[in-house]
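Here is a briefing on pockets and helix packing in one model. Have the structure open as you read.

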Amino acid sequence: MDSVNSYIFARAVHIFAVVLWIGGVAFVTTVLIPSLKQIPDIHNRLELFEKLEGKFSIQARITTVLTFVSGVYLIETMQIWDRFLQVEFWWMHLMVLVWLLFTLVLFVFEPWFLHDWFRKQALIDSDKTFRRVQLMHIVLLSISLVTVVGAMFGAHGYRF
């Protein structure tokens with residue numbers, strides 16, 4: 001595969017992975033959690049959340065890895081590491097920040113302590129715990145969407 005085709009392939013993989021990843025976060029934030037909050041039985045609510053979120057976390061882990069690998073490949077291929085030293089490429093900094101936050105949650109915090117903490121808190125006060133989880137998802141989704149919009153403008157030469 002020549003360099004132009006490999007660049008196009010990497011960019012397609014990058015966008016594909018981001019769409020699946022952030023689209024999944026949007027679904028969890030705007031559909032799944034609000035729907036679960038309407039289930040009156042806290043045990044059923046918790047069981048369904050863990051089952052569905054667990055399936056999504058597999059997708060999220062795969063897509064964050066694909067996003068990282070394709071992103072580093074694109075930066076290296078385009079030789080644009082210096083953009084991280086320039087404020088006008090703020091969206092690239094935000095891309096890394098969003099990726100880092102999700103990667104820490106998915107690969108470090110969740111397996112080490114977040115899953116157990118969430119379960120314990122949900123059994124103590126399910127409504128409060130689900131409100132907190134939804135708020136966290138809203139914040140992460142908002143930052144992610146600002147990043148996506150900024151990256152789209154930035155990729156087409158707009159500077160803010």
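The largest pocket has a volume of about 880 Å³. A pocket is an open set of points on a 1 Å grid over the protein atoms alone, where a 1.4 Å probe fits, with protein on both sides within 12 Å along at least five of seven lines. The volume is the space filled by probe spheres set on the points. This is a predicted model: local features need pLDDT of at least 70, side-chain atom pairs need 80 or more, and totals for linings use all residues. Residues are numbered from 1 along each chain.

**Largest pocket**
- Its lining has 34 residues (an atom within 4 Å of a point).
- H14, L74, W91, M95 and A151 lie nearest the centre.
- Two or more lining residues come from each of α1 (3-36), α2 (42-78), α3 and α4 (helices are DSSP runs of H or I, at least four residues).
- α1 gives the most, with 8 residues.
- The lining has 24 nonpolar, 7 polar and 3 charged residues (Ala, Val, Leu, Ile, Met, Phe, Trp, Tyr, Cys and Pro count as nonpolar, Asp, Glu, Lys and Arg as charged, the others as polar).

**Second largest pocket**
- This pocket holds about 490 Å³ of space.
- Among its 22 lining residues, E53, E110, L114, M136 and H137 lie nearest the centre.
- α3 gives the most to this lining, with 8 residues.
- By class, the lining has 14 nonpolar, 4 polar and 4 charged residues.

**Packing of α3 and α4**
- α3 (residues 90-124) and α4 (residues 126-155) pack at about 170°, with axes 11 Å apart (axes are lines fitted to C-alpha atoms over the stretch in contact; angles run from 0 to 180 degrees between N-to-C directions).
- That makes α3 roughly antiparallel to α4 (angles over 145 degrees).
- Their contact has 18 nonpolar, 7 polar and 1 charged residues.

Key:
Side-chain values use heavy atoms; hydrogens and water are left out. Angles under 35 degrees count as roughly parallel, over 145 as roughly antiparallel, 65 to 115 as roughly perpendicular and the rest as oblique.
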